[in-house]
Amino acid sequence: MSIIQRAAWVSAVGVSIVVGGGAANAEASEVRLGGAGATFPAPLYTKWVAEYEKVAPGVRIDYRSIGSGGGVKAITDKTVAFGASDAPLTKREIEAMGGPDKIIQIPAVIGGVVPAYNVPGLSQPLNFSGEVLADIFLGKISTWDDPRLQELNSGVSLPKLAITPAFRTDGSGTTHVFSSYLATQSPTFKGEVGAGKQVKWPLGQGGKGNEGVAAVIQQTAGSIGYIEQNYAVANKIAYGAVRNKSGKFVLATPETMSVAGEGAATTLQGTVLRADIWDQPGDSTYPISAFTYIILYKDLVNLKTESEAKALVNFLNWATGDGQKFANQMDYAPLSSGVKKAVDAALSTLTHNGKPVK
Amino acid sequence: MTTDARAIPSAPFSPNASGGRADSLRRSFRFGDAMLGLVCRGSAAVIAIMLGALVLVLLTSAMPAIKEFGFGFLVSSEWRVNELERPLKDAAGNVVVEDGEIVMETIKPAFGALPVIYGTAVSSLIALLIAVPLSFGAALFLVRVAPTLRMAGPLSFLIEFLAAIPSLAYGIWGLFVLAPFLQTHVGPAVKSALENVPGLRWMFYESVTIAGTVVERPIPITGRDMFCGSLVLAIMILPIVTSVSRDVLKAVPRTQIEGTLALGATWWQSCVAMLRYGRSGLFGAVMLGLARAAGETMAITMVIGNNNQINPSPFAPAQTMASLLANEFAEASEGLHQASLLYVALVLLVMSLLFNIIARRLVVGKASPAGH
Amino acid sequence: MASARFETRRLTSDAMFVVCAACTLLIVTLLLLVSGYLVWIGIGSIDLSFFRDVPTGDVATPGGMRHAIEGTVILLALAAAVGVPLGVAAGVYLSEYSHEWFFAGPLRFIADVLTGVPSIVVGILGYELFVVPVSRWTSNSVSFSGYAGAAALAFIMIPIVARTTEEMLRLVPKTYREGSLALGASKAQTVLRVVLPSAFGSISTGIMLALARVAGETAPLLFTALGSRLLTRDPSEPFPSLTLQIYTYATGPYPEQKKLAWAGILVLLALLFAVNLLIRVVAARHAATRLGKV
């Protein structure tokens, strides 16, 4: 065979493999939905996807945890069916998506951001206060045996070890929650660093996603970082109790996080639901709790077929209903009934090409 | 125009052919030639278009940031992605209070590439400082000594295999072997040895001003810092600098070496003469190593600490242009953030193109850069 | 005294000889350290499930990397489909049409320069050219795609293949071309039926080298193919690759995933080693037969 014939044969084989592969995928008569966003709830969403496939076979949901910033960008660009973010949409982001009447934003579950650390030789969780955490991340408290930390943890001998804060390098709702909380606790932090999905942390090491920060904490003795509770539990990373508004030191548990979400039901109205539930009152409230949101368009024109729209609505109804029973075992807190009512009301307004989705 | 004897003129010369079969043959020849010419010239044009597209696309996408910041981007240390709301301060530095409420000002997002330019420059230069002497020494050995020991072949194969190891693998080795080693053994040892030496305190402690108060704090030794990044880079550029230097030195005419030996030079003195003879080619080898170090992404992202700030201490985490892009580009929202990242990519591209062009000008003719 | 100066010179020379030998030894030792560690840790982590299973989503038992292996194979096939023809044709131009020095000279230089572009910049170009425009025109999840990733890989491949093809074609003796022309063949026939086939072996090794190089790339895929945890053969979606999956697992906190990452690196290194070795064997046999044929 000549060179040309050989080349043509090879490319024909190659093309048929690829096209055949693509066609094989498309032939399967299943509905595929794409979602992207926060790493904060990713372990639970992965569990939901796996469980939902048992309930509704034929629906395949691909959730990519790329950070809240990425989730907002993806849903704004309409490259996914739904976006996920722990930071509720800002005014500018709402505008970029077409205005508040085009958007539905619902809380999906409650999670907690914990101060996780790697300090050798400790046998029980440490206590932190909001101001101390802020000063650690500002760099004012730079060793573990600092008197202010000793004061909160009398009876524990803290080593003379330098503190390395660990933070997120990507656009992160977890950063938004943690920095917002610290901003309420320390005016210096508010002025120097501020709150947002991506802020300039004065010092420390960066990691990508909750996973990356967890990895940094694991690998660096003396480090402290802010991660969602599930990541600390799953990787056996020690995390501390935080002093809440009533002065009690509280560890993050599904119960202490639920309490934080209870008062939110009354503030949720309309279709762009939002409630900041950090620093809530109550003896047993965990102070760094937060809703994590799912964001989608009210008119699901970004989905091609009506069956896709139906599948999405059914999934979201299931997730905020039956799916909530998985929250506790994954170290998240389920939505309260009041919040659930507001969520249902918002979801019922979904349409596809103008027709309501049942 | 130098006639390249291998080049074939396109139209075969057949002046005496007359009509009939010969003519139709000639027509089909021309068609085949034309097709081949078209395909080959087209593909070659694609290569030129690729370079043009690279520069143009980056330039146009970075234009919003270029217009906003200009060249000041290259010397600014800001990297503020979100708006910052902070208390408004008057000229004396006191917080402005109106009607009992603190007045807040909103600081717009702003970006600057100085920290990453610093990170790239310093990590690459330290890597060169470590790798270049080692490479030159090994190149001399490979050219002068190894052939007599019949070790030149296997050694060269080993070094070229080292060059083929992907960056990701070096990153994993750096993350799981080098960084913990530096954190538990090297870092504390260096710190306890040197921290009280006057003039070296900046390596281990930093003074910062937080909201008006000056705080001196220790720089934590994490193993993932500028030093670790530079070491990994050094190991990565060793093969390319060694093999190009070896080619350059191999091209030094034997007569030169024999001449120095005849004049009574020692082995080392003749080596120095070789180095001096091939100095432009060797400089090209160094530039190639520099280009590779500056553009390196995966390995350095895993071990540099990902902190976008300038800190002179080698134990402080840093960020290079490539690692900044790897960390932030995937979800940078359109607008100034993404344009600024593209501006950084443009700077990186221009830098590496520059190094490559200089290197190739110096090395071509001294050795074959393709290597094999 | 002259003899004292000579002594110092001689001592310096001997010392520097040892230094140069030590440099070589150090470089080789570093190679063995790095690759030895990766092989050792990879062997401890690899088993059949790595090749057989797909990710489960459960971090305690993460499954395998079959999706990533298939993903890399498909990406390489796509990249080669574009990169090999373009690269070889460009190499033919540089070699056979090099009398058109006005274009050929600068093009050779451009190809060389392109091989030095940082791969992350190539990835960004891939994003701007193949991800952004696509997501503007379509309204469903077609933005990050395997096609964009393959395009970025092809961008890296083309200059490498072009230059190595040119070098290999230059090694074909000009007597072959002259003989062919003397027999009345046209240029196209000469190139396609005489020159290229005789250099076929070495061009193939050049292509294999380029593929091996591109198989180990991660940065160009970060913003084009993006990576995926699903087994998918449809390149119009976010697409998995061995390198991306290794990177994600290695920088995460879960020990079981890290084991998969180490096994993946071993597979990658084994592949590269095999290709490099194969190339040397083929080249040696090629040289032997050519010498024998003379």
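Colleague: How many salt bridges are there between chain B and chain C?

Modeller: The model is a predicted one, and side-chain atom pairs count only at pLDDT 80 or more. A salt bridge requires a side-chain nitrogen of Lys or Arg within 4 Å of a carboxyl oxygen of Asp or Glu. Between chain B and chain C the count of such salt bridges is 0.

Colleague: Which classes of residue make up the side of chain B that touches chain C?

Modeller: Helix 1 (residues 21-69) of chain B gives the most to this side, with 20 residues. By class, the side of chain B that touches chain C comprises 60 nonpolar, 19 polar and 8 charged residues.

Colleague: What area is buried between chain B and chain C?

Modeller: In this interface, 87 residues of chain B are in contact with 89 residues of chain C. Carbon and sulfur atoms give 79% of the buried area, which is about 8200 Å².

Colleague: Why is helix 4 of chain B described as roughly parallel to helix 10 of chain C?

Modeller: The axes of helix 4 (residues 167-194) of chain B and helix 10 (residues 242-250) of chain C come within 11 Å and cross at roughly 10°. Because angles under 35 degrees count as roughly parallel, helix 4 of chain B is roughly parallel to helix 10 of chain C.

Colleague: Into which classes do the residues of this helix contact divide?

Modeller: Helix 4 of chain B contributes B:Leu168, B:Ile172, B:Leu175 and B:Phe176. From helix 10 of chain C come C:Thr243, C:Ile246, C:Tyr247 and C:Ala250. The residues of this contact divide into 7 nonpolar, 1 polar and no charged.

Conventions:
Residues numbered from 1 in each chain as written. Chains lettered and ligands numbered in written order. Predicted model: local features only at pLDDT ≥ 70, side-chain atom pairs only at ≥ 80, totals over all residues. Heavy atoms only, no water. Axes fitted to C-alpha atoms, helices over the stretch in contact; angles between N-to-C directions. Helix = DSSP H or I, 4+ residues; strand = E, 2+ residues; numbered from the N terminus. Parallel < 35°, antiparallel > 145°, perpendicular 65-115°, else oblique. Contact = heavy atoms within 4.5 Å. Nonpolar A, V, L, I, M, F, W, Y, C, P; charged D, E, K, R; others polar. Buried area = accessible area lost by both parts, 1.4 Å probe.
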